[in-house]
Amino acid sequence: MVKWVSATSRHEFTKFLVEISYKWQRKWYEEKIFEASPDVEKKKFFITAAFPYPNSPLHLGHGRTYTIADVYARFMRMKGFNVLFPMGFHYTGTPIIAMSDQVKKGDEELIDLFVNLYHIPEGDLEKLKTPLGMARYFHENMKRGMIRAGFSIDWRREFTSIDPLFSKFVQWQFEVLRKKGYITIGTHPVGWCPVDNNPVGMHDTKGDVEPEIGEFTLILFEGEDGFKYPCATLRPETIFGVTNIWIKPEAEYVKAGIGDLKCILSPKAAWKLGFQGMNVEIIGKVLGRDLIGVKVRNPMSGEVIPVLPAEFVDPNSGSGVVMSVPGHAPYDYVALRELISENKELLAKIGVDCESLKPISIISVKGFSNIPAEDVVLKYGVTSQVDKKLDDATRELYLLEYSKGVMKENCGRYSGLPVREARELVKSDLLSTGKALIMYEITNGPVYCRCGAEIVVKILENQWFLNYGDETWKSAVREYIKTLKIIPGELKREFQQVVEWLSRRACARQRGLGTPLPWTKGWIIESLSDSTIYMAFYTINYLLKAFNVKPEQLSKEVFDYIFLGIGKAEEISRNTGIPVEALRIFRREFEYWYPVDSRHSGKDLIPNHLTFYVFNHVAVFPREYWPKQIVVNGFVLYEGKKMSKSLRNVVPLLEVIEEYSPDIVRLSLLSSAEIGQDADFSSSIVMGITEKLRKIHGFLTSIVLEGESGHASREPDFMDEWLLSVLQSRVKSVTESMENLRIRDALNIVLYIIPQDLEWYLSRVEGCVNRRVVREFFETWVKLIAPFAPHYAEEVWSMMGYKTFVSLEKWPEPREELVRLDVEATEEYYRRILSDIKEILQVTGRAPKKIVFYLAPEWKVRAFKKVAEVIVNGGGPSDALRAVMSIPDIRKYGEEAVNATKRMSSIIMSLPEHIREYLAENAIDEEEMLMRNIDAIKKYYNVSEILVFRAEKAEYDPMNKAKQALPFKPAIFVE
């Protein structure tokens with residue numbers, strides 16, 4: 001039995017929260033309240049979140065994604081929807097194989113990570129030495145974390161991506177895609193692990209980094225020694241501006257045979273090219289310093305130029321040989337400037353005239369000089385060729401020249417062409433004449449496989465690809481994304497950009513856990529290809545088990561019937577042995593739940609999983625089953641820093657739950673940022689929220705549950721009307737925020753604004769509350785907090801005497817009959833007066849003996865209403881001023897009217913929206929509003945005399961204050 005505690009110490013309160021979380025999780029499980037089945041009397045809401053990869057415990061980042069989804073699921077459930085929130089586990093791929101192998105070999109770094117960061121008992125390490133053992137171990141750990149976090153998941157529908165029934169579903173999906181021509185076999189560059197000999201994606205790399213592949217042009221400058229100097233570039237059109245070639249003097253280079261060519265390049269480049277269909281043979285070595293002064297010929301212009309030294313050259317990037325375009329490349333401009341100013345002796349020694357190295361202008365861009373590189377170097381204040389600001393300068397200039405640049409007259413037949421056109425033409429001409437090669441590079445490298453090897457680009461032959469570059473497919477996805485709801489909305493552009501660059505992607509490999517490719521042996525469907533439409537399988541998985549369906553019964557015609565409505569149940573039943581009624585139930589279940597109403601994931605999955613999710617739904621299902629909404633959240637920082645294994649600050653979700661309680665962790669993950677932003681989980685946020693909830697808890701126990709602390713009850717009065725009225729506007733605001741997934745905004749109202757309303761109420765009634773009103777207040781508040789802190793809400797609901805689950809209660813709706821905007825306006829007026837008096841007293845530093853109020857004259861009252869009307873209808877201060885000054889008997893006040901109107905606009909803008917609307921429609925009786933609160937003001941400031949005058953009839957105005965009076969802001973004199 002959980003002991004009900006009042007507002008004791010923080011430690012005791014936290015202990016109480018942990019205890020009740022176990023209690024309510026047990027009750028939810030026993031009553032099966034989150035098991036969702038079709039109900040034709042209810043609208044359905046199908047919500048899913050990316051299923052996790054079980055190779056480590058859930059951390060705070062996972063926790064945020066799943067908590068957002070759960071809060072939304074709970075909200076929609078209370079709104080009356082039949083909500084399905086399922087979960088599965090993604091075993092597919094090579095990471096688990098690599099990691100289990102590392103544990104088996106006794107890898108000290110990984111074992112240290114497991115034992116000292118994730119706090120896995122050393123005795124459990126034996127379970128992690130096989131791929132399936134590791135997957136199942138972390139699967140159970142993750143599931144326990146989800147249960148302890150209070151996620152309202154229907155666990156009947158759970159599966160893993162290697163379950164035989166699911167594998168049959170994936171094979172069906174691939175047969176559909178292949179039949180439509182979206183799966184092809186061919187040659188294509190892929191990210192590749194040279195140790196595992198497998199294509200890799202995001203799930204296979206350390207840090208879950210998606211290897212991004214860039215296509216470089218290797219322009220072959222020919223040396224006087226007969227060797228080619230291949231320069232890797234993304235800007236082949238700039239060949240007309242080359243003044244020299246750069247090498248790194250301290251680096252080692254190799255002489256290599258590449259087919260029929262003899263080339264000089266870095267050892268790393270030679271190694272990489274060996275994976276790209278080129279026959280590479282090392283025939284010698286040479287130091288970079290020994291290449292300085294070599295003359296090479298520009299293959300396009302024929303001009304002879306020198307090889308020069310530069311520190312910024314990275315032998316691990318590209319070919320390790322760089323062509324220098326100082327007029328248009330900031331790095332080249334700075335390196336050349338330094339060389340000429342600091343090493344003229346070297347240039348003289350190798351016979352290079354400084355004049356020959358002057359930047360060549362080949363691209364015109366509006367707003368830039370003839371030497372754009374110089375312009376951006378000066379703009380960014382670059383100090384040297386190793387200055388990191390050069391990256392920003394380079395990005396800016398390259399983007400501008402590509403989007404707005406035009407080739408100048410010194411660029412031969414490419415003169416006058418836009419840069420974007422010239423680039424492709426120059427590249428094509430160089431390749432067709434044998435003056436260039438293609439080299440692929442990992443542009444966001446180095447990226448490492450989980451086995452530790454650096455990822456390279458490999459040209460795969462006879463490889464199976466999902467052809468996301470298919471124009472028909474792309475076109476359908478483009479049109480769909482225009483109408484797809486994406487939250488936050490600004491991320492839609494990012495999805496659209498991914499659609500444009502996405503091309504063929506390797507979808508099968510020959511190693512790893514997963515589903516066999518159905519039409520050829522020896523291939524396994526890769527991890528980001530089997531996890532695109534798995535949400536559909538949630539709808540039928542538990543039914544397949546209930547009807548004891550065997551994998552071999554799940555033929556293509558079964559899935560065609562269930563998911564596409566193709567075929568007749570009777571015929572399929574005869575062919576498979578699955579009962580007719582079972583087939584119909586499967587179909588009805590799918591039709592009821594699909595499409596997915598809200599898909600939740602992290603923003604790191606936009607370039608891969610989330611966009612693949614869209615592509616595959618468009619390819620496989622009819623239009624009515626395409627997803628309705630995608631919700632993308634930012635990352636989680638820990639104490640202000642990005643979570644990283646290297647920083648040893650990856651925090652397991654289960655640990656913080658047991659330390660702080662599930663509800664405090666949930667509130668902390670949601671309170672620091674809106675969905676699209678990165679959230680910060682910190683001890684200060686946790687302590688602050690714990691204290692806030694503890695304080696609310698104190699009010700609840702003393703006022704509602706225990707009736708102590710001197711809180712007597714009384715008949716309803718003005719303040720009771722105010723509390724219930726303002727509560728309705730809070731309900732409306734919370735509901736609107738939740739419907740638009742402004743989770744932080746909604747939580748701020750529930751956790752901070754509404755309790756502040758209660759505190760104000762208690763201060764005004766001086767402890768003498770109306771119990772019925774306060775109970776109604778708390779009943780509403782408990783329902784509003786329930787999606788965020790469900791365990792605490794259930795406990796409070798129970799202690800208030802209810803036998804139902806608050807998780808299944810109806811979400812509060814604003815009760816219009818309780819809305820009293822006149823009362824709210826009056827109370828707002830009073831609060832502002834108290835604040836104004838406080839400011840005056842802070843200046844004087846004296847206790848008041850007398851307070852005099854001067855109320856605005858009638859013409860200002862009319863002007864005030866006009867200002868409110870204009871602003872409520874979308875106008876601004878200037879619109880309000882024009883409207884007021886168009887009234888003849890107000891315009892006669894001239895400058896005084898202008899200044900007063902400007903100040904009134906500020907007052908109106910500072911008011912809550914619903915009070916603005918009230919003031920726009922109703923004339924206010926300011927004297928009545930003030931007189932209602934005269935006694936309260938006297939008591940609050942312990943003043944014996946208060947005088948009230950109309951500004952135009954002020955009988956006592958020693959400081960000439962009356963002329964400052966405005967509606968909703970009377971002038972005040974404190975004596």
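Student: Is Tyr534 buried or exposed, and what is its relative accessible area?

Tutor: This is a predicted model, where local features need pLDDT of at least 70, side-chain atom pairs count only at pLDDT 80 or more, and totals for chains, interfaces and linings use all residues. Residues are numbered from 1 along each chain as its sequence is written, and side-chain values use heavy atoms, leaving out hydrogens and water.

Tyr534 is buried, with a relative accessible area of 1%. Buried means under 20% relative accessible area, exposed over 50%, and partly exposed in between (1.4 Å probe, protein chains only).

Now the ring partners. Rings of Phe, Tyr and Trp (its six-membered ring) pair if their centres lie within 6.5 Å; planes under 30 degrees apart count as stacked, over 60 as edge-to-face and the rest as tilted. By this rule there are 61 aromatic pairs. Tyr534 and Tyr538 make one of them, edge-to-face, at 5.9 Å centre to centre with 75° between the planes. Tyr538 is buried too, at 0% relative accessible area.

Another edge-to-face pair is Tyr829 with Phe968, at 5.4 Å and 75°. Tyr829 lies in helix α28 (821-844) and Phe968 in the loop between β28 (945-950) and β29 (971-974), so the pair ties together parts 139 residues apart in sequence. Helices (H or I, at least four residues) and strands (E, at least two) are DSSP runs, numbered from the N terminus. Both Tyr829 and Phe968 are buried.

Rings also take charges. A charge sits over a ring if NZ of Lys or CZ of Arg is within 6 Å of the ring centre and within 35 degrees of the ring normal. Lys458 places its charged end over Trp192, 5.2 Å from the ring centre. Arg599 lies over the face of Tyr613, at 5.5 Å.

Next, strand β23 (629-633). Five of its five residues are buried, so the strand is largely enclosed by the rest of the structure. One side holds Gln629, Val631 and Asn633; the other holds Ile630 and Val632.

Its neighbours follow. Two strands pair if DSSP finds at least two bridges between them. Strand β18 (485-487) runs parallel to β23, joined by three bridges, and Ile487 stands opposite Val631. Strand β22 (598-602) pairs with β23 in the parallel sense over four bridges. There, Gly602 stands opposite Asn633.
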